[in-house]
Amino acid sequence: MSSTTLFNDFNPVSSKQWKQKMQFDLNGIDYNNTLVWTSHEGIQVKPFYHLDDFKERPPIHNTKVTAFKVCELIYVEDTITGNNLAIEAINGGTESIKFVIPSKTIKVTELLKDIDLNAISIYFELHFISPEYLKPIFSIPSSAKIHLGIDIIGHLARTGNWFYNLNKDFLLIQEILSNKVSNTTSMLSVDMGLYQNAGANIIQQLAYAMAHTNEYFNFIENNTSTDFPSEITITYHVGIGSNYFFEIAKLKALRILFTTIANNYTTNYKCHIFTSPSKRNMSIYDYNNNMLRTTTESMSAILGGADTICNLPYNAVFKKQNAFGSRMARNQLLILKHESYFNTVDNPTDGSYYIENLTNQLAEKALTLFKDIEKQGGFLKQLKKHTIQRKIKESATKEQDLFNSKKEIILGANKYPNQDEKIKHELELFPFIKTHKRKTLIEPIIEKRLTENLEQKRLKNE
């Protein structure tokens, strides 16, 4: 008997009938107060989802989750060490490298020595902006896959200052984009992870990322005299939190929003998603739990459709870059890809009523917030007025209160902590907010982990 015939033997059950049955089994207890919960974003999550929730059946794309590449982040203190770490990571199975380059003294040609650029994708995060510095990258053969990661607005949001000033920074962007270098997969990026790690909820992350992007779109479209490329890819650096299904839906909603907004412009814009696990829920006590968190967060990224995933070592917030931590982070992704068969199965989230419903709600609510930002003058104006910073602080405070009251749990921190554990002697990095007194144009957006206040108290008592 075929499955179609089997299902035809049963009468369909509507969403209303399911709800009535559940209400009956609750023996008078209110359905909404008992089984429906509200997320941090204000989205009501139901105990079941039904085809009745949709105008048409959610699409099944029959796509395998093979697109994502395993990436390793390398902070380049000196060229030779950076190159050696990259080659070691590639030999260990990584498929792409992200170089964080703090100064112009790092020589790109030496950094990329002996790396097969036809096989390995390269991401750069430059802590400066310089067309002159990029010339050696532009001379790399066109078959290479290079992502420059230039984000002057993200730099402003993170530090409170432009690299130089608004006009000069955008002129430098104009100069860089006009090169039309064929080996560069993407030049511009959007640091969406900043908003997540600072405490923004998912709707804010999506809306701010789109408003952030729209500033670049407007700049490109308004400079018709400049010969920009006909196709421009924007790379989104996304932080992935621990709300498993919501984070899957977040990435799906990001692509929907990007397409919706980009279609209003003449240039052919494309979206590339680069993800890393969140630092916001990482802890320095009982730090092995961080490995469990980053595993499920990486799974969310895979199922959400990330193009590249750069895992964080379990000890990243308090240890310097080290071989063991990097190897473990890399192997988590390799196991997910090659031993858990994420690279062979069709995406199991396709057609899921729950995830489709979440995706649609997140996209709709984020689009509404995006439109409001644009009506108020756009993202840069809202940053200057400190509206974005204030809204993120409000969201972060709300989440912090949930953590402090143990309504939001981080194992090993505010629940089941090992009070005998000592960590002070293991700290190689300062794991808390660093404050540097300096003059800034705007109030910077500050990343903060939920466990910081609790950890500081525990460290004092060690």
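**The barrel and what packs on it**

Analyst: Strand β3 covers residues 69–75, and β3 pairs with β10 in the parallel sense over three bridges. In that pairing, V70 stands opposite I309 of β10. Keep in mind that this is a predicted model.

β3 also has a partner in β4. These two strands pair in the parallel sense over five bridges. Here L73 stands opposite K98 in β4.

Eight strands close into a barrel, in the order β3-β4-β5-β6-β7-β8-β9-β10, and the pairing is parallel. Neighbouring strands of this sheet are turned by 30° against each other on average, direction ignored.

Move along to β7 and β8. Strand β7 spans residues 184–191 and strand β8 spans residues 231–240. They pair in the parallel sense over four bridges. V190 stands opposite Y236 in β8.

Helix α6, residues 131–138, lies across β4, β5, β6 and β7. Those strands include β4 at 96–101, β5 at 121–126 and β6 at 146–150. α6 runs at about 165° to β6.

Next comes helix α12, residues 289–304. α12 has 16 residues. From its first C-alpha to its last, α12 reaches 23 Å, close to the 22 Å expected at 1.5 Å a residue. Which residues of α12 are buried? They are N289, N290, R293, T294, E297, S298, S300, A301, I302, L303 and G304. After α12 comes G305, whose phi is positive, near 100°.

I202 sits in helix α10, residues 202–222. Is I202 buried or exposed? I202 has 3% relative accessibility, so it counts as buried; the cut-off for buried is under 20%. Leaving aside neighbours within four places in sequence, I202 is in contact with E41, F246, E247, K250 and L362. K457 is another matter: I202 and K457 are 255 residues apart in sequence and 30 Å apart in space, C-alpha to C-alpha.

Finally, step back to the chain. Its secondary structure comes to 17 helices and 10 strands. The radius of gyration is 23 Å, close to the 23 Å that the globule rule gives for 462 residues, so the chain is as compact as a globular protein of that length. The C-alpha atoms fill a box of roughly 70 × 60 × 50 Å along the principal axes. Buried residues make up 52% of the 462 residues. Take the contacts between residues at least 6 apart in sequence: 78% of them join residues at least 24 apart. The accessible surface comes to about 22600 Å², and 52% of that belongs to carbon and sulfur atoms.

Terms used: Residues numbered from 1 in each chain as written. Predicted model: local features only at pLDDT ≥ 70, side-chain atom pairs only at ≥ 80, totals over all residues. Heavy atoms only, no water. Pairing = 2+ DSSP bridges. Axes fitted to C-alpha atoms, helices over the stretch in contact; angles between N-to-C directions. Contact = heavy atoms within 4.5 Å. Rg over C-alpha atoms; globule rule 2.2 N^0.38 Å. Buried < 20%, exposed > 50% of the residue type's maximum accessible area, 1.4 Å probe, protein only. Areas by Shrake-Rupley, 256 points an atom, 1.4 Å probe, with all protein chains shown as cover. Expected span 1.5 Å × (residues − 1).
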